[in-house]
Amino acid sequence: MQNLSRCPSPWGRRPCDMDSKRIIGARIQAARAARRLSQDDLAERVGRSRDAISRAERGANMPSVDTLIAIAEVLDVALVDIIGPPTENLSQTRAAFEVRLAIATRALDDDAYAALVDHAEALARLTQKR
């Protein structure tokens with residue numbers, strides 16, 4: 001039986017199944033790791049317990065909207081990078097990579113970002129040909 005608690009989302013409140021919680025948790029963990037923060041460090045900075053951060057990262061609970069906003073601010077990511085649009089068949093691994101990519105690209109200037117997009121599009125075309 002699915003856990004149908006409510007997930008915060010810019011697209012309105014919607015049922016939150018365990019997969020959504022795990023995806024959000026993977027994104028939090030990836031952003032935290034990219035910033036080289038421990039769970040204790042993040043917990044202290046957002047005013048929550050380490051256990052609360054751990055449960056969120058494992059998908060065992062859904063943090064409040066206020067906590068998600070605080071986490072995004074501390075990790076210097078957009079809230080949408082954590083809660084993201086609803087995407088079907090998004091694995092925890094893919095969710096983590098997406099957040100790492102969002103963090104990595106923030107430091108790029110326009111020319112470097114354009115080159116990255118060109119490479120990504122070329123890679124996508126090669127992948128589609130297979």
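These entries record what I looked up in a predicted model of a protein chain.

**Entry 1. Overall composition**

I began with the secondary structure and found 7 helices and 2 strands in the protein chain. Along the sequence the order reads β-β-α-α-α-α-α-α-α. I then turned to burial: of the 130 residues in the chain, 35% are buried. The accessible surface comes to about 8300 Å², and carbon and sulfur atoms account for 49% of that surface. I also looked up the contacts between residues at least 6 apart in sequence, and 58% of these join residues at least 24 apart.

**Entry 2. Helix 2 against helix 3**

I next examined how helix 2 (residues 39-46) packs with helix 3 (residues 50-58). Their axes lie 8 Å apart, at an angle of about 110 degrees. Angles of 65 to 115 degrees count as roughly perpendicular, and the two helices are therefore described as roughly perpendicular to each other. I noted the crossing of helix 2 and helix 3 as right-handed. Helix 2 contributes Gln39, Asp40, Leu42, Ala43 and Val46 to the contact, and helix 3 contributes Arg50, Ile53, Ser54 and Glu57.

**Entry 3. Helix 4 and Thr67**

I listed the buried residues of helix 4 (residues 65-75) as Thr67, Leu68, Ala70, Ile71, Ala72 and Leu75. For the spacing of such a list I kept one rule in mind: an α-helix has 3.6 residues a turn, so residues three or four places apart point the same way.

I then took up Thr67, which is placed in helix 4. Is Thr67 buried or exposed? Thr67 has a relative accessible area of 12% and counts as buried because this value falls under the 20% cut-off. The side chain of Thr67 makes a polar contact of 3.0 Å with the side chain of Ser64.

Arg36 is not a glycine, yet its phi is positive, at about 55 degrees. I located Arg36 in the loop between helix 1 (18-34) and helix 2. Its relative accessibility is 75%, so Arg36 counts as exposed.

Asp76 follows helix 4. Its phi is near 55 degrees, again a positive value in a residue other than glycine. I found Asp76 in the loop between helix 4 and helix 5 (79-83). With a relative accessible area of 45%, Asp76 is partly exposed.

Conventions
Residues numbered from 1 in each chain as written. Predicted model: local features only at pLDDT ≥ 70, side-chain atom pairs only at ≥ 80, totals over all residues. Heavy atoms only, no water. Helix = DSSP H or I, 4+ residues; strand = E, 2+ residues; numbered from the N terminus. Buried < 20%, exposed > 50% of the residue type's maximum accessible area, 1.4 Å probe, protein only. Contact = heavy atoms within 4.5 Å. Areas by Shrake-Rupley, 256 points an atom, 1.4 Å probe, with all protein chains shown as cover. Polar contact = N/O pair within 3.5 Å; in protein donor to acceptor, adjacent residues only side chain to side chain. Axes fitted to C-alpha atoms, helices over the stretch in contact; angles between N-to-C directions. Parallel < 35°, antiparallel > 145°, perpendicular 65-115°, else oblique. Left-handed = near helix turned anticlockwise from the far one by under 90°.
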